[in-house]
Amino acid sequence: QIADPPGVLFLRGELRATDEVAIAIVGTRHPSLYGLRQAERLAASLARAGVTVVSGLARGIDAAAHQGALGAGGRTLAVLASGVLHIYPPEHRSLAEQILAQGALLSEAPPETEPLAGAFPQRNRLISGLSLGVVVVEAPSRSGALITARHAMEQGREVFAVPGRVDEPTSHG
């Protein structure tokens, strides 16, 4: 239940009633090793507790969150800025296939749609909207993860943060 729900939501995979108990994990595309470990650990712990993990299939923290849930045998939902038949980024095709076995891919864009820059902030309201709360892991001040956190607050969801470690460089430098 969000203020601006999509007119239609495309789905590949399966949604279950248990997916109503979901937590989103989002963060930077350029995480530190610490951030990746924390995202994966949190997702695995949530999955083992029966909580569905929601994220955006992006590089970095999103991918680690999906992998953590999958590795623990749990459910995960990926909300895409592209269509559900156009996996972006392309190197996450295998991860998307794994997600289909234990969850679903969702998008408000028609199935063959390529991602457009403006679609990413739009899809973030769906990530938070599908979740009871949002965990932000290592988000720079200008990031999609903080847009997701803002949507979560506007939607009355809980917001949690895992800040980065200052003594560890990020994966891009």
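User: Why does Ala-63 count as buried?

Analyst: Happy to start there, with the reminder that this is a predicted model. Ala-63 has 7% relative accessibility, and buried means under 20%, so Ala-63 counts as buried. The residue lies in helix H2. Leaving aside its neighbours within four places in sequence, Ala-63 is in contact with Ala-58, His-92 and Leu-95.

User: What makes the pair of Tyr-88 and Phe-120 edge-to-face?

Analyst: Two values settle that. The ring centres of Tyr-88 and Phe-120 are 6.1 Å apart, and rings pair if their centres lie within 6.5 Å. Their planes stand at 65°, and over 60 degrees counts as edge-to-face, so the pair is edge-to-face. The structure holds 1 aromatic pair. This pair links distant parts of the chain, 32 residues apart: Tyr-88 is in the loop between E4 and helix H3 (93–101), and Phe-120 is in helix H4.

User: Why is Tyr-88 called partly exposed?

Analyst: Tyr-88 has 33% relative accessibility, so Tyr-88 counts as partly exposed. There is also a cis peptide bond joining Tyr-88 and Pro-89, with omega at about 0°. Pro-89 is likewise found in the loop between E4 and H3.

User: How do you know that the buried residues of H5 are on the same side of the helix?

Analyst: First, the residues: Ala-145, Thr-148, Ala-149, His-151 and Ala-152 are buried in H5. They cover an arc of only 160° around the axis, which puts them on the same side of H5. Met-153 and Glu-154 are exposed on the other side of H5. The cover over the buried residues of H5 includes E2, H4, E6 and strand E7 (158–162). Just after H5, Gly-156 takes a positive phi of about 80°.

User: Which residues of H4 are buried, and what do they pack against?

Analyst: Arg-123, Asn-124, Arg-125, Leu-126, Ile-127, Ser-128 and Gly-129 are the buried residues of H4. They pack against E2, strand E3 (52–55), helix H2 (61–71), strand E4 (76–79), strand E6 (133–137) and H5.

User: Why are Pro-31 and Glu-138 called buried?

Analyst: The same cut-off, under 20%, applies to each. Pro-31 has 5% relative accessibility, so Pro-31 counts as buried. Glu-138 has a relative accessible area of 11%, so Glu-138 is buried. Pro-31 lies in the loop between E2 and helix H1 (33–48), while Glu-138 lies in the loop between E6 and H5. The two residues are 107 residues apart in sequence and 6.6 Å apart in space, C-alpha to C-alpha. Glu-138 also has a positive phi of about 50° although it is not a glycine.

User: What lines the largest pocket, and how do its residues divide by class?

Analyst: The lining of the largest pocket is made of 16 residues, with Gln-1, Leu-126, Gly-129, Leu-130 and Ser-131 nearest its centre. By class they divide into 9 nonpolar, 3 polar and 4 charged. About 310 Å³ of space lies in this pocket.

User: What about the second largest pocket, and which element gives the most to its lining?

Analyst: The second largest pocket holds about 220 Å³ of space. Of its 17 lining residues, Arg-29, Arg-123, Asn-124, Gly-144 and Ala-145 are the closest to its centre. Strand E2 (22–27), helix H4 (119–129) and helix H5 (144–154) are the elements that give two or more residues to this lining. H4 gives the most, with 5 residues. The lining of the second largest pocket has 8 nonpolar, 6 polar and 3 charged residues.

Note on methods:
Residues are numbered from 1 along each chain as its sequence is written. This is a predicted model: local features need pLDDT of at least 70, side-chain atom pairs count only at pLDDT 80 or more; totals for chains, interfaces and linings use all residues. Side-chain values use heavy atoms; hydrogens and water are left out. On a 1 Å grid over the protein atoms alone, a cavity is a set of points where a 1.4 Å probe fits but cannot get out, and a pocket is an open set with protein on both sides within 12 Å along at least five of seven lines; lining residues have an atom within 4 Å of a point. Grid points are joined across faces, edges and corners, and a volume is the space filled by probe spheres set on the points. Ala, Val, Leu, Ile, Met, Phe, Trp, Tyr, Cys and Pro count as nonpolar, Asp, Glu, Lys and Arg as charged, and the others, Gly among them, as polar. Helices (H or I, at least four residues) and strands (E, at least two) are DSSP runs, numbered from the N terminus. Buried means under 20% relative accessible area, exposed over 50%, partly exposed in between (1.4 Å probe, protein chains only). Contact means heavy atoms within 4.5 Å. Rings of Phe, Tyr and Trp (its six-membered ring) pair if their centres lie within 6.5 Å; planes under 30 degrees apart count as stacked, over 60 as edge-to-face and the rest as tilted. The arc is that of the directions from the helix axis to the C-beta atoms.
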